[in-house]
Amino acid sequence: MSIVSRPSVGGSLLGGSIVLPANACTHALPPRVTRPWSGEPGTAGTVAVVGAGKMGLPLAAQFAGHGWDVIAVDVQQAVVDAINEGRSHIGDEPGVADLVAEAHAAGRLRATLDGAAAAAAADVVVLIVPVMLDADHQPDYGYMDAAVAAIAPGVHAGSLVIFETTLPVGDTRMRFAPQLEAVTGLRADEDFLVAFSPERLYSGAALRNLATYPKLVGGLGPRSTQRAAAFYDGVLDAEVVAMSSAEAAEFSKLADTTYRDVNIALANEFAAYADRVGVDIREVISAANSQPYSHIHQPGLGVGGHCIPVYPHFLLSRAPELSIVARSRDVNDGQIQIALDEIRARVGGLEGASVLVLGLTYREGVHELAYSRALPLIDALVAAGAHVSAHDPLLTDEEIRARGAEPYAWGSASNAQAIVTQTADARWRELDAAWFPRLAVLVDGRNSLSAVALPAGVAYRGIGTGPRT
Ligand SMILES: NC(=O)c1ccc[n+]([C@@H]2O[C@H](COP(=O)([O-])OP(=O)(O)OC[C@H]3O[C@@H](n4cnc5c(N)ncnc54)[C@H](O)[C@@H]3O)[C@@H](O)[C@H]2O)c1
């Protein structure tokens, strides 16, 4: 027994900090190639991966690494060219560049713009092009409708078509299978097979996640489920979970991501209360999560990226009665108001205030601006008449200007009166208050800077961190 006098204020037990071990590969490689692919264990065929982006390229590389012939399909010539030269065009994704080079050298990976030809040559077609939101928060199917229309003429008797892109519940069966039937004249789940299998990877850990996270698979019927599960069993080292329907598999991805959004909204409300009672929410969460049924995530300036803020809207588009889901979206999107209020109070208004925003991508280390909360924060500051500068180690000056801020050169003198961190980049810890002689407040939007030294007279504002000690 030991007595801990001060509860840890580190990351929560869950909330993104858990590291699961990757499963070792137990496949007998190379598999026997069959044409057409029979679905038998230990055999491989040809797979087309439609959408060779941040998630599609790691998938293509993984499938090729397990003995499949892979045809990557994309609408961007530069993507097709890079793959046909054996190069990865996606940023920092450990292991992918080497796998792409190896698969290309072995003649198992090529790319094309021609979706119909790829589908005609393939036993399996995996679709992983984005479905986003439109201005009314409804699913925007533009890319996926185009991808399905492109492959449809090549889908043939015996094809297995798998949707990995996150979709609203029911879309695999009610929206996309009929589109394929209309073009091919074939019957889904009879002449060709259709399944949904959510992509659950985390940017920056794609291959590791592929070897770790159970792969959920739900078909239009048992034959579709069984064939899709057989495919994944041959190409992944993780456990494959055959679900009862495509709808159950679709819902599981929305449930997982929405759970995280709701959890973060709860952490944000707890943080506001912690501020009111003068305690540090990190100490509270860490202590609460030492009980194994508590998995409270961390509060912050909001939730970005094209998963967690998007998929609750997929649910709400079909089930507007999910009031906790809707409320959580509002809470998380409202968090940037903390920064605006704090600057207003410390600088004496936003009009004419000089504000530096650190971190424009939705999260540190990922070159992705989709739904980043830095963007509405900058817009609100500019609309209120503030002068906004910004820095992000992943973005060029042009990219920063395009988002409405003046680029700030890291380490240069600045007249910023307020600094807001929107990511938890480790670089921010090198921040030196001497660079900012007019600084009045540091808003630490990810609670990563509580140890940074600030001169007397410069206020520190975390998210639920209470008074600074
Ligand atoms: N990025 C993530 O962190 C992540 C995590 C889990 C799941 N996902 C899922 O993966 C999907 C794709 O995400 P991503 O990050 O790979 O996107 P991405 O933007 O990096 O890549 C998408 C690719 O699809 C291509 N494309 C667009 N329309 C096409 C079409 N009609 N035919 C062929 N190619 C087309 C684009 O040119 C691009 O190369 C997401 O919508 C989501 O459902 C993404």
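Colleague: What covers the buried residues of H11?

Modeller: The cover includes strand S7 (132-133), strand S8 (139-140), helix H9 (246-277) and helix H12 (323-334), with contact meaning heavy atoms within 4.5 Å. Helices (H or I, at least four residues) and strands (E, at least two) are DSSP runs, numbered from the N terminus. This is a predicted model, where local features need pLDDT of at least 70, side-chain atom pairs count only at pLDDT 80 or more, and totals for chains, interfaces and linings use all residues. Residues are numbered from 1 along each chain as its sequence is written, and side-chain values use heavy atoms, leaving out hydrogens and water.

Colleague: What makes helix H11 largely enclosed by the rest of the structure?

Modeller: Helix H11 spans residues 311-318, and six of its eight residues are buried, so the rest of the structure largely encloses it. Buried means under 20% relative accessible area (1.4 Å probe, protein chains only). The buried residues are Tyr-311, Pro-312, His-313, Phe-314, Leu-315 and Leu-316.

Colleague: Why is the meeting of Asp-171 and Arg-318 called a salt bridge?

Modeller: The rule asks for a side-chain nitrogen of Lys or Arg within 4 Å of a carboxyl oxygen of Asp or Glu. The side chains of Asp-171 and Arg-318 meet at 3.2 Å, N to O, so the pair qualifies. Across the interface of domain 1 and domain 2 the rule finds one salt bridge.

Colleague: Where do domain 1 and domain 2 lie in the chain?

Modeller: An automatic or database assignment sets the bounds: domain 1 is 32-244 and domain 2 is 256-332. Their centres, taken over C-alpha atoms, are 32 Å apart. In the contact are 13 residues from domain 1 and eight from domain 2.

Technical notes
Buried means under 20% relative accessible area, exposed over 50%, partly exposed in between (1.4 Å probe, protein chains only).
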